[in-house]
Amino acid sequence: MSMDYYASLENEDKELKAVGLELMFLTPEKCSAEDGITAVELSKRLNIPIDTVKKKLVILKEKNIAIVKGINPKYWSFDQYNFQRLPEDDEIFLLLCSFDDVDFDKFFAY
């Protein structure tokens with residue numbers, strides 16, 4: 001791997017990764033509505049300021065991997081289809097696929 005790849009991992013956007021992974025592993029049981037989760041719910045669940053969560057959701061929406069339904073409130077969900085079609089060298093794809101520091105237990109109840 002190139003040095004640029006490792007440098008980008010060190011400087012990765014941990015909040016964007018947290019929001020992206022939370023959406024990616026969202027199950028209907030975790031949502032208060034069937035259309036998805038609100039930014040406020042994500043903010044509380046991840047303990048990240050609401051303004052930061054909203055900015056990260058916009059980034060994911062611009063990549064076409066976050067779907068938004070509704071106006072007030074907006075419900076967010078993950079678009080697995082579009083995520084799988086991102087180029088393998090896309091920075092968001094790489095960020096959400098680097099699982100070295102991910103605790104999967106928080107996403108799944110065994």
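The exercises that follow concern a predicted model, and each task is followed by a worked solution.

**Exercise 1. The overall fold**

Task: State how many helices and strands the protein has, and give the order of the elements from the N terminus on.

Solution. Step 1: the protein has 6 helices and 2 strands. Step 2: from the N terminus on, the order of the elements is α-α-α-α-β-β-α-α. Step 4: among contacts with a separation of 6 or more, 58% are between residues 24 or more positions apart.

**Exercise 2. The surroundings of helix H2**

Task: Determine which residues of H2 are buried, and which elements they pack against.

Solution. Step 1: a residue counts as buried under 20% relative accessible area. Step 2: in H2, this applies to Leu16, Lys17, Val19, Gly20, Leu21, Glu22, Leu23 and Met24. Step 3: 8 of the 11 residues of H2 are thus buried, and therefore the helix is largely enclosed by the rest of the structure. Step 4: the partners of these buried residues are H3, H4, strand E1 (66-69), E2, helix H5 (80-84) and H6.

**Exercise 3. Helix H2 against helix H3**

Task: Describe how H2 and H3 are oriented to each other, and name the residues that make their contact.

Solution. Step 1: helix H2 covers residues 14-24 and helix H3 covers residues 39-46; their axes come within 11 Å and cross at roughly 110 degrees. Step 2: angles of 65 to 115 degrees count as roughly perpendicular, and H2 and H3 are therefore roughly perpendicular to each other. Step 3: the crossing in which H2 passes H3 is right-handed. Step 4: H2 contributes Ala18, Val19, Glu22 and Leu23 to the contact, while H3 contributes Leu42, Arg45 and Leu46. Step 5: sorted by class, the contact of H2 with H3 has 5 nonpolar residues, 2 charged residues and no polar ones.

**Exercise 4. Helix H2 against helix H4**

Task: Carry out the analysis for H2 and H4.

Solution. Step 1: the axes of H2 and H4 come within 9 Å, with a crossing angle of roughly 70 degrees. Step 2: H2 and H4 are therefore roughly perpendicular to each other. Step 3: H2 passes H4 in a right-handed crossing. Step 4: on H2, the contact involves Glu15, Leu16, Val19, Gly20 and Leu23; on H4, it involves Thr52, Val53, Lys56, Leu57, Ile59 and Leu60. Step 5: by class, the contact of H2 with H4 has 7 nonpolar, 2 polar and 2 charged residues.

**Exercise 5. The largest nonpolar core**

Task: Identify the residues that touch the most other members of the largest nonpolar core, and the element that gives the largest share.

Solution. Step 1: this core has 28 residues, of which Leu23, Leu42, Leu57, Leu60, Ile65, Phe83 and Leu96 touch the most other members. Step 2: two or more residues each come from H2, H3, helix H4 (50-62), strand E2 (75-78) and helix H6 (91-97). Step 3: the largest share, 5 residues, comes from H2. Step 4: phenylalanine 83 may be examined in detail; leaving aside neighbours within four places in sequence, this residue is in contact with Met24, Ile65, Phe78, Phe93, Leu96 and Cys97.

Note on methods:
Residues are numbered from 1 along each chain as its sequence is written. This is a predicted model: local features need pLDDT of at least 70, side-chain atom pairs count only at pLDDT 80 or more; totals for chains, interfaces and linings use all residues. Side-chain values use heavy atoms; hydrogens and water are left out. Axes are lines fitted to C-alpha atoms, for helices over the stretch in contact, and angles run from 0 to 180 degrees between N-to-C directions. Helices (H or I, at least four residues) and strands (E, at least two) are DSSP runs, numbered from the N terminus. Angles under 35 degrees count as roughly parallel, over 145 as roughly antiparallel, 65 to 115 as roughly perpendicular and the rest as oblique. A crossing is left-handed if the near helix is turned anticlockwise from the far one by less than a right angle, and right-handed if clockwise. Contact means heavy atoms within 4.5 Å. Ala, Val, Leu, Ile, Met, Phe, Trp, Tyr, Cys and Pro count as nonpolar, Asp, Glu, Lys and Arg as charged, and the others, Gly among them, as polar. A nonpolar core is a set of buried Ala, Val, Leu, Ile, Met, Phe, Trp, Tyr and Cys residues joined through side-chain atoms within 4.5 Å. Buried means under 20% relative accessible area, exposed over 50%, partly exposed in between (1.4 Å probe, protein chains only).
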